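Hi,

Here is the structure I promised to send over. Have a look, and my notes on the aromatic residues follow below.

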Amino acid sequence: MSDAVLVARSITRQLSMAVEQGDAAALQRAFDVLCRMREVDPEHGHVDGLLTPNDLYIYTCEAAITLQQGAIAEHCLNQLLTAGTNSSKTSQIRMLFCRGAFESHKATVGNLRGRALQVAAQAALGHVLKGIRIALGDGASLAYLVVAGAAHAWNACWVLFKEGTFHAVCSAIGFVVQALEKIEHPDVSMRLSWLSRHATALAGCGKTAEAQNVIQRATDLATRVVTQCSSASGAPSPLGGAAAAPVSMGNAAQLAAHAVAGIVGGVDNEDG
């Protein structure tokens with residue numbers, strides 16, 4: 001086994017420890033080794049099977065973002081941007097997510113206000129949405145990255161998810177809803193949460209009819225899942241009028257549906 005492989009595996013072990021234990025010192029150790037590796041052999045290629053130096057920078061950047069170590073994240077991103085996009089599709093997507101997450105963090109902690117905050121948050125969100133689009137192009141094989149991208153998208157847009165700036169994120173939220181539908185993501189609670197956000201944003205933009213349509217889609221989704229779970233467990237269907245026996249997925253879906261239905265009052269008030 002080559003020295004490069006041993007070093008790469010040491011880095012990944014330190015990064016795993018950093019994330020799992022919230023250990024900033026482990027992150028720093030991994031980063032220091034990675035920088036020395038680059039200094040010794042800046043042109044080296046694959047170091048461990050299909051693992052490249054760029055992959056190590058992506059992993060380190062992801063860990064740094066998780067632990068909110070901005071300086072390390074920024075250094076890794078700069079290295080990745082300098083190196084270009086000569087990497088796998090998966091790596092390109094993860095780099096875009098890292099860039100969105102880092103720029104989103106800078107926007108929210110940088111005391112930006114008004115238009116400056118909106119522009120910064122939308123730029124961060126744009127990187128994430130680009131990554132999701134690339135992942136969608138590969139169908140089911142990269143569906144897990146669509147799900148990861150949805151989490152990054154919310155982190156980027158929540159700061160604008162309020163009265164006065166709903167318009168800045170409404171279409172992006174709708175895109176995430178469609179992306180989760182396209183991959184048929186099995187986490188119904190997550191899909192209902194995004195439908196709720198979309199309906200809220202639409203209502204905040206004065207698009208009441210569209211908001212109500214989204215609420216209906218959420219209700220239909222929750223009802224379908226509850227019915228399927230009830231049928232699978234032998235319990236009476238909620239649509240049949242009889243009381244259904246509790247089932248775990250059904251309960252989760254019902255709770256999510258109630259959360260979505262909770263915004264109906266707000267949408268109705270927009271009509272008034």
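**Aromatic notes**

W194 comes out as buried, with 3% relative accessibility (buried is under 20% relative accessible area, exposed over 50%, partly exposed in between, with a 1.4 Å probe and protein chains only). W154, at 22%, is partly exposed.

Before the rest, some housekeeping: this is a predicted model, where local features need pLDDT of at least 70 and side-chain atom pairs count only at pLDDT 80 or more, while totals for chains, interfaces and linings use all residues. Residues are numbered from 1 along each chain as its sequence is written, and side-chain values use heavy atoms, leaving out hydrogens and water.

Searching the whole structure gives three aromatic pairs (Phe, Tyr and Trp rings, the six-membered one for Trp, with centres within 6.5 Å; planes under 30 degrees apart are stacked, over 60 edge-to-face, the rest tilted). W154 and F161 are edge-to-face, since their centres sit 5.2 Å apart with the planes at 75°. W154 also pairs edge-to-face with W194, at 6.1 Å between centres and 85° between planes. That pair ties together parts 40 residues apart in sequence, because W154 is in helix α7 (residues 143–157) and W194 in helix α9 (residues 188–204); helices here are DSSP runs of H or I, at least four residues, numbered from the N terminus.

Ring pairs join W154, F161, F166 and W194 into a cluster. R197 lies over the face of W154, 3.9 Å from the ring centre, and over the face of W194 at 4.7 Å (for Arg, CZ within 6 Å of the ring centre and within 35 degrees of the ring normal).

Cheers

How values were computed
Helix = DSSP H or I, 4+ residues; strand = E, 2+ residues; numbered from the N terminus.
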